[in-house]
Amino acid sequence: MTDIKTLLANCPLFSGFPRPALEDLAAIARTRRFEADEPIYDKGSATSTLNIIASGVVRISSVNPAGREATLIMFSAGTWFGDSVFSPGMRRVYGARAHEAATIVEMSGDAFRQLMAKYPECYPVILDMVSRRLWAAMSIIEDDALRGIAARIGRRLLFLAEIQGNREAGSEPVTIWITREHIANMMGMTRQGIHQWIKGFEREGLLELSYGRIVLTDPAALQRHLERID
């Protein structure tokens, strides 16, 4: 059974709310469960919800008219998604799908915005979290334009580690729940092309490969390595 209050208390997005507000947040939340590859919401949908992952992995993606899916990012337990909740009336820019069986805690956009107005002290933290995601997206555009392949792949791994950990990655190991196929799909590359560079990072002791996941053994060391080769 999902402990909604504990999940919300541990999610950095809500750290600006006073402790009594957790009761109000929990009161507007509901738990939903999705099987692997089941859609959570579709691109273009008008529903507005804020979602926190209690367990499992969620894939954010876009599908072109021919049906080809492009994976944009993966979110794991403890992470929030559904940024359109902060732009009332805006349709979903991307779709969300359970990458593996997932439990989601969902809040209505209208109800969440009402609580933001009730507890305005939450705004600095929320603005900081949303801004960090915007900066991260801009850094990916910069990487694609200016950096070599190894640096692009390494920095994308660091980006995923920070997003999935809800914090700047340090020297502690971070597990990224993603396959090499999905990284290739994200970056418009082939699996073989991604594989050779990731194996190079593995030989340097910067990561470990396992089925369905990549462990960055020391993200700070990977960052230093990328600064040398960039």
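Predicted model: local features only at pLDDT ≥ 70, side-chain atom pairs only at ≥ 80, totals over all residues.

Trainee: Is Asp143 buried or exposed?

Mentor: Buried means under 20% relative accessible area. Asp143 has 6% relative accessibility, so it counts as buried.

Trainee: Which residues does Asp143 touch, apart from its neighbours within four places in sequence?

Mentor: With those neighbours set aside, Asp143 is in contact with Arg152 and Arg155.

Trainee: And how do I read a salt bridge?

Mentor: Side chains of opposite charge can pair when their charged atoms come close. Here, Asp143 meets Arg147 in a salt bridge, at 2.6 Å from N to O. Elsewhere, salt bridges that share partners tie Arg30, Arg32 and Glu106 into one network.

Trainee: How many salt bridges does a search of the whole structure find?

Mentor: The search turns up 14 salt bridges. One of them pairs Asp110 with Arg113, with the closest N and O atoms 2.5 Å apart.

Trainee: Where do Asp110 and Arg113 lie?

Mentor: Here's the general idea: an α-helix has 3.6 residues a turn, so residues three or four places apart point the same way. In this case, Asp110 and Arg113 both belong to helix 3 (residues 109-118) and are 3 residues apart, about one turn of the helix.

Trainee: What about a salt bridge between distant parts of the chain?

Mentor: Look at Asp37 and Arg59, whose closest N and O atoms are 2.9 Å apart in a salt bridge. The pair links distant parts of the chain, 22 residues apart: Asp37 is in the loop between strand 1 (29-34) and strand 2 (39-41), while Arg59 is in strand 4 (residues 57-63).

Trainee: How do I describe the surroundings of those two partners?

Mentor: Take each one on its own. Asp37 has a relative accessible area of 44%, so it is partly exposed. Arg59 is at 5% relative accessibility, so it counts as buried.

Trainee: Now helices. At roughly what angle do the axes of helix 6 and helix 7 cross?

Mentor: The axes of helix 6 (residues 180-187) and helix 7 (residues 191-203) cross at roughly 110 degrees and come within 8 Å. That makes helix 6 roughly perpendicular to helix 7. The crossing of the two helices is right-handed.

Trainee: Which residues make the contact?

Mentor: From helix 6, the contact uses Arg180, Glu181, Ile183, Ala184 and Met187; from helix 7, it uses Arg191, Ile194, His195 and Ile198. Sorted by class, the contact has 5 nonpolar, 1 polar and 3 charged residues.

Trainee: Why is helix 6 described as largely enclosed by the rest of the structure?

Mentor: Because 6 of its 8 residues are buried. The buried residues of helix 6 are Arg180, His182, Ile183, Ala184, Met186 and Met187. Just after helix 6 comes Gly188, with a positive phi of about 65 degrees.

Trainee: Which residues is Ser108 in contact with, leaving aside its neighbours within four places in sequence?

Mentor: Those contacts are Ile28, Ser48 and Thr49.

Conventions. Residues numbered from 1 in each chain as written. Heavy atoms only, no water. Salt bridge = Lys/Arg side-chain N within 4 Å of Asp/Glu carboxyl O. Helix = DSSP H or I, 4+ residues; strand = E, 2+ residues; numbered from the N terminus. Buried < 20%, exposed > 50% of the residue type's maximum accessible area, 1.4 Å probe, protein only. Axes fitted to C-alpha atoms, helices over the stretch in contact; angles between N-to-C directions. Parallel < 35°, antiparallel > 145°, perpendicular 65-115°, else oblique. Left-handed = near helix turned anticlockwise from the far one by under 90°. Contact = heavy atoms within 4.5 Å. Nonpolar A, V, L, I, M, F, W, Y, C, P; charged D, E, K, R; others polar.
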